[in-house]
Amino acid sequence: MARKVVITGLGATTPIGGDVPTMWKNALKGVSGAHTLTADWVEKYDLPVHFAAKVTTPATDVLSRVEAKRMDPSTQFAVVAAREAWNDSGIEEVDHDRLAVAFATGIGGVWTLLDAWDTLREKGPRRVLPMTVPMLMPNGPAAAVSLDLGARAGAHTPVSACASGTEALHIGLELIRSGKADVVVAGGAEAAIHPLPMASFSAMQALSKRNDSPETASRPYDVNRDGFVMGEGAGALVLEAEEHALARGARIYGELAGTSVTADAYHITAPDPQGLGATRALKAALFDARALPDDVCHVNAHATSTPVGDRPEYTALKAALGDHVDNVCVSATKSQTGHLLGASGAVESVMTVLAVYHRLAPVTINLENQDPEIPLDVVTGTPRELPEGEIVALNNSFGFGGHNAVVAIRSTGPKVEMA
Amino acid sequence: MASKEEILAGLAEIVNEETGLAPEAVEMDKSFTDDLDIDSISMMTIVVNAEEKFDVKIPDEEVKNLKTVGDAVSFIEGAQA
């Protein structure tokens, strides 16, 4: 019998709140984190997209100036979220040799890399800071969290584009099940609201161009969706072997019951139109969780608001859940947060955990005319009550490269009212 | 040309910016590693910033001889000439 893994701590810094309580309150209310960018580089480079969803709270509210100086913004966000999750878990004593980190990023230290490139060209090699490489490396967030918490059972960095954050939970679950760790801090971080990725995503027509109305630009499932909105931030979860959590009388949010990762092997950026890779991931996550389609009551969808992306996810959900898909309520929280790329799976997993814990599914905003080819039961307007008893919720994440990652969260209840 | 006092004050500012140490803690007789707990990476950043601030060159092979704040102040003072 595999070890059961439970979730005992949550952390986040996002465009709709700098900590989990604020983010969750806003996610239930339905607010947009997208706004017009005020940075001078938008005009300087004549970018076609003028808005994004930036974090609401500067990392330096939590980190000291000196700490922040040695970290790329993506690593700063990771440490902010990980500290919140760790404090939330209430863990006071831990065997540090049995504590691991799995912290993902999609893009890595793009600000550090390109700032250093500017310095090299303008001022020469002597002015390139010695910390440049450790700051830009994609394992920077995992390494910083490991250093911060004294996690010595490995610091892992899944990099699978927009599936990265969810894949981190997959790695965390495996680390605990296989006995290599008792506690894992898993999450994802991204800080890529930078002119280069913005220009690149624009060039591939992936970003919404709704410059005159940033707040309504991210509109998953709407017939008038025209692309995703760049977001940034981090999410973190403390995963713990159940016996470890019970021994210390921990508050348990839910069980990380199953995870899966598959690859489309279809196209470098386009999703398989039949959603075959995503279907296999959904079925595998349910099997891993020893759950049946009928157990699922809620899905936090990947739903980025691109014309081509939202539909195959529906096809996959229908294939994996069968007719039961009609009984499942779906939240597309990127409508509020924008797309946090490698952090999105982590932040959305935090929301999925809160949904089963409080028995409330967060809302999807900006859905005015639902795409008739995606007849999902989408939560709009007000949060949806989830049923009593034992329930399972899924979080899907898909990434460029054909990466599919799914996590299944189980709660046996009872419903916990919000503080 | 900056005086010894001006160089000390400027270095203290650079050290504060890099490490967060109070500028008053940066005194002539303090060792960068033993007293101020400055690691090699911070030291290189401080050196590069000092080069820019005082318009001097501090060769890499010279950095290992700059054990105390006073050593750095004297070197920068001499290098200005």
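Two residues count as in contact here if their C-beta atoms, placed from the backbone, lie within 7 Å. By that rule, the contact between the chains takes eight residues from chain A and six residues from chain B. On the chain A side, these residues divide into four nonpolar, one polar and three charged, where Ala, Val, Leu, Ile, Met, Phe, Trp, Tyr, Cys and Pro are nonpolar, Asp, Glu, Lys and Arg charged, and the others, Gly among them, polar.

This is a predicted model, in which local features need pLDDT of at least 70, side-chain atom pairs count only at pLDDT 80 or more, and totals for chains, interfaces and linings use all residues. Residues are numbered from 1 along each chain as its sequence is written, while chains are lettered from A and ligands numbered from 1 in the order in which they are written.

Now to the sheet of chain A. Strands are DSSP runs (E, at least two residues), numbered from the N terminus, and two of them pair if DSSP finds at least two bridges between them. Eleven strands form an open sheet with mixed pairing, in the order β5-β4-β6-β7-β1-β8-β15-β14-β9-β10-β12.

| Pair | Sense and bridges | A bridge |
|---|---|---|
| β14(A) and β15(A) | antiparallel, nine bridges | Gly399(A) with His403(A) |
| β8(A) and β15(A) | antiparallel, eight bridges | Thr262(A) with Asn404(A) |

β14(A) and β15(A) make a hairpin with three residues between them, and Gly401(A) in the turn has a positive phi of about 105 degrees. Nine of the nine residues of β15(A) are buried, so the strand is largely enclosed by the rest of the structure; buried means 20 or more other C-beta atoms, placed from the backbone, within 10 Å of the residue's own.

Methods: Helix = DSSP H or I, 4+ residues; strand = E, 2+ residues; numbered from the N terminus. Buried ≥ 20, exposed ≤ 12 C-beta atoms within 10 Å, placed from the backbone.
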